Amino acid sequence: MIGDVPPQPLDADEPSLISPQFAVVMIASFAYFTAMGALLPTVPRFVEDELAGGGVAVGVGVGAYAVSAAVLRPWVGRLGDTKGRRLLAVGGSIVVAASFVLYALVTNLWMLVIARLVTGAGEAAVFVGLATAAQDLAPDHRRGEAASYFSVALYGGLAVGPPVGEALVPHGFTTLWLVLAVFAGVAAVVSMWIPRGKTVAVV
């Protein structure tokens, strides 16, 4: 197509993207998505075993968080552009950690749905904040590389999370939710080292 710019080869002298700031984003992402991954097998079990729910109840309990996440993402994206990525990553992780504490108080499906909607609100902020922080740290011609590293942290957490969740279930769901709150809390603490404004790309 006319006007396309051909890909530029990487300069051998360019520094690695894995700077201390980029490592902060990756560690926060891994901790956060480990917690989210742990929910994948455990929320359905919680609905079935603790709330005596059937298939529809499991679907509602699992899917509720996606509603608030989808609705809020456009808004939090604009917030991140004006207020900075740190606000989204730290604030969203705190909201998610608080939602996990709410899980420990759940005794019926409607309470779980409310807690899951809170999780989704935090998820909207965390995902956008961490993903855009990773992109900000890369020059334009290395955005794909930055996305790849972020994907490693994301899918690494989602891979580790389910066995972590299953290992914690025998200790009780309350223990599970509180441990996952700690993971989200770690993400919040680490994210405090994300620059307040727009991050500066490696050049």
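A: Start with contacts, meaning heavy atoms within 4.5 Å. Among contacts in the protein chain between residues at least 6 apart in sequence, 85% join residues at least 24 apart. Two cautions come with the model: it is predicted, so local features need pLDDT of at least 70 and side-chain atom pairs pLDDT 80 or more, while totals for chains, interfaces and linings use all residues. Residues are numbered from 1 along each chain as its sequence is written, and side-chain values use heavy atoms, with hydrogens and water left out.

Q: How many helices and strands does the protein chain have?

A: Helices and strands are DSSP runs, numbered from the N terminus: a helix is H or I with at least four residues, a strand is E with at least two. Here the protein chain has six helices and zero strands. Read along the sequence, the pattern is α-α-α-α-α-α.

Q: What percentage of the residues in the protein chain is buried?

A: Buried means under 20% relative accessible area, exposed means over 50%, and partly exposed lies in between (1.4 Å probe, protein chains only). Of the 203 residues in the protein chain, 44% are buried.

Q: What does the accessible surface of the protein chain come to?

A: Accessible areas come from the Shrake-Rupley method with a 1.4 Å probe; for residues, only the protein chains shown count as cover. The total for the protein chain is about 9,900 Å². Carbon and sulfur atoms hold 70% of that surface.

Q: Now a loop. Where is Ala52?

A: Ala52 sits in the loop between helix H1 (20-49) and helix H2 (55-83). Look at its backbone: phi is positive, about 55°, although Ala52 is not a glycine. Ala52 is exposed, with a relative accessible area of 67%.

Q: Which residues make a nonpolar surface patch?

A: First, the rule. Patch residues have over 30% relative accessible area and no salt bridge; like charges are joined within 9 Å, and nonpolar side chains (Val, Leu, Ile, Met, Phe, Trp, Tyr) within 5 Å. A salt bridge is a side-chain nitrogen of Lys or Arg within 4 Å of a carboxyl oxygen of Asp or Glu. Here Val67, Val71 and Leu117 make a nonpolar patch of about 260 Å². Leu117 is found in helix H4, residues 109-136. At 33% relative accessibility, Leu117 counts as partly exposed.

Q: How many aromatic pairs does a search of the whole structure find?

A: Rings of Phe, Tyr and Trp (its six-membered ring) pair if their centres lie within 6.5 Å; planes under 30 degrees apart are stacked, over 60 edge-to-face, and the rest tilted. The search finds 10 aromatic pairs. Phe22 and Tyr149 form an edge-to-face pair, 5.9 Å centre to centre with 75° between the planes. Phe22 lies in helix H1 and Tyr149 in helix H5 (residues 143-168), so the pair ties together parts 127 residues apart in sequence. Phe22 is buried at 0%, whereas Tyr149 is partly exposed at 33%.

Q: What about the rings of Phe46 and Phe173?

A: Their centres are 5.1 Å apart and their planes are at 65°, so the pair is edge-to-face. Phe46 lies in helix H1 and Phe173 in helix H6 (residues 173-191), so this pair ties together parts 127 residues apart in sequence. Phe46 is buried at 5%, and Phe173 is buried at 9%. Phe46, Phe100, Tyr103, Phe173 and Trp177 form one aromatic cluster.

Q: Which residue lies over the face of Phe127?

A: A charge sits over a ring if NZ of Lys or CZ of Arg is within 6 Å of the ring centre and within 35 degrees of the ring normal. Arg73 lies over the face of Phe127, at 4.5 Å from the ring centre.

Q: Last one: which residues does Leu158 touch?

A: Leu158 is found in helix H5. Not counting residues up to four places away in sequence, Leu158 touches Phe33, Met36 and Gly37. The C-alpha atoms of Leu158 and Thr34 are separated by 5.4 Å, though the two residues are 124 apart along the chain. Leu158 counts as partly exposed, at 27% relative accessibility.
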